[in-house]
Amino acid sequence: MSRYQFPIIVILCVAIFTLLRYSDLSTSKNFLDTALFSTHFVSRDENDLKKSSTISQRVPEQSITRGILLDNNESAHSAGTDNTPSRAADIKQCYVYHPSFKRPLPEAFWVVRQCKRRIPRAMVVGYKKCGTGTLSRFLDLHPAVSISHELKFPANDVDNVSISEWVSQMPLSSQFQLPMTENPQFLIGYRRIFLALKPVLPIDAKFLVILRDPVQRAVSDYLHDLTHSGAPTNASEPFERTFKGDIFRDTFERTVFNPDTHELESEKRIIKQSKYIESIRSVLSVYQRKQFHFIDGNAFAEDPFPIMQDIERFLGLPTFYARSHFIRDAERGFFCANVTERPDFRCMQPGKGRPHPNVSEDALKELHDFYRPYNRALAEEIGLHFPWLKS
């Protein structure tokens, strides 16, 4: 043995002992549900989901895992082992947070806390301009949640390479955190997207769907797209601009009602996307109703606290949210976060919560009349009792 080898061995032994003594390695049980293995390809034929099981047999051994590997194939979350953190505050995370950013912990902690980029076990899936962004940011405050924001799923080309790339964009999650993602466009893809997701996600995946009054959603969608279309602001003359295949005009009414005939142009994208029943009925043919939690976006905007408590229970998370975590911004009228441990996030960016344009009572009445049968069908289909569904 050389004169350098012995001191190196001593230093390594001391380092290993220190890591084991002061780390949280003893909490080796996982917070999440039963492990699921062998992610496999999905058939391009969305009408024949059974093909995916045949393809899965040909996936090489080094393919990514489906779900999360758990010690001894058990779940600390469901089994309630002694090592499961009893409080959200005790859950070990993979990031440290600063007032203007977050950064990953040093990689030495990744092994101890099993920090990995994992396939999500829950998703915020819709709808656009219903509050998905704010909902996701509030979920991200929970110590037991690690969520990515508006991450596109490769539904048109699902294979091990594309799924590996998708997972590589997920945030790190520890063994006691629930990996999640969010994209308000998932439901726009209807059944095709969810068929592509099914062979990739855990079989017990859960979905959060936030809805709001369809008329309010359409007006908000108009304002959002008009802002991003490059249309002139404060224009003194009427104008038309094509954006994402639709014609946008200087007012909401002139956009959704034909300027010549004054008839509602119901096939326009911003009108169709508020017909929730069509896409929801479609995806419920792929996943079970009990895997979906529907959220009243109007109630969420009025008071997010009880909504976040309901979501905790649906996802099986430890109790965390408190009334003091949500403070209404007096100037904008929207709620901001007030979580001491998370100085990186307070309020949504200024582009969120724009003041809506004035819309005539006649136009609003016609729109509410148009959406009423769709709202009633939705309420009956999935047992919703949101007040605006009855208007």
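These are my notes on one chain, taken from a predicted model.

**Overview.** I started with the element count and got 14 helices and 13 strands. Of the 391 residues in the chain, 49% are buried. I then looked at contacts between residues at least 6 apart in sequence, and 74% of them join residues at least 24 apart. The accessible surface came out at about 19900 Å², with 53% of that belonging to carbon and sulfur atoms.

**Helix α14.** Next I went to residues 361–382, a helix of 22 residues. How far does α14 reach from its first C-alpha to its last? I get 30 Å, close to the 32 Å expected at 1.5 Å a residue. I also checked for bends and found a kink of about 40 degrees at Arg372, shortly before Pro373. Just after the helix, Gly383 has a positive phi of about 70 degrees.

**What covers α14.** The buried residues of α14 include Leu367, Phe370, Tyr371, Asn375 and Leu378. Which elements cover the buried residues here? Among them I noted the helices α8 (214–228) and α11 (276–283), plus the strands β8 (206–211) and β11 (292–296).

**Strand β8.** That list sent me to β8. Five of its six residues are buried, so β8 is largely enclosed by the rest of the structure. Strand β4 (residues 122–126) runs parallel to β8, joined by four bridges, and Ala122 has Lys206 as its bridge partner. β11 also pairs with β8 in the parallel sense, over five bridges. In that pairing, Leu211 stands opposite Asp296.

Technical notes: Residues numbered from 1 in each chain as written. Predicted model: local features only at pLDDT ≥ 70, side-chain atom pairs only at ≥ 80, totals over all residues. Heavy atoms only, no water. Helix = DSSP H or I, 4+ residues; strand = E, 2+ residues; numbered from the N terminus. Buried < 20%, exposed > 50% of the residue type's maximum accessible area, 1.4 Å probe, protein only. Contact = heavy atoms within 4.5 Å. Areas by Shrake-Rupley, 256 points an atom, 1.4 Å probe, with all protein chains shown as cover. Expected span 1.5 Å × (residues − 1). Bend = angle between axes of the 7 residues up to and from the residue. Pairing = 2+ DSSP bridges.
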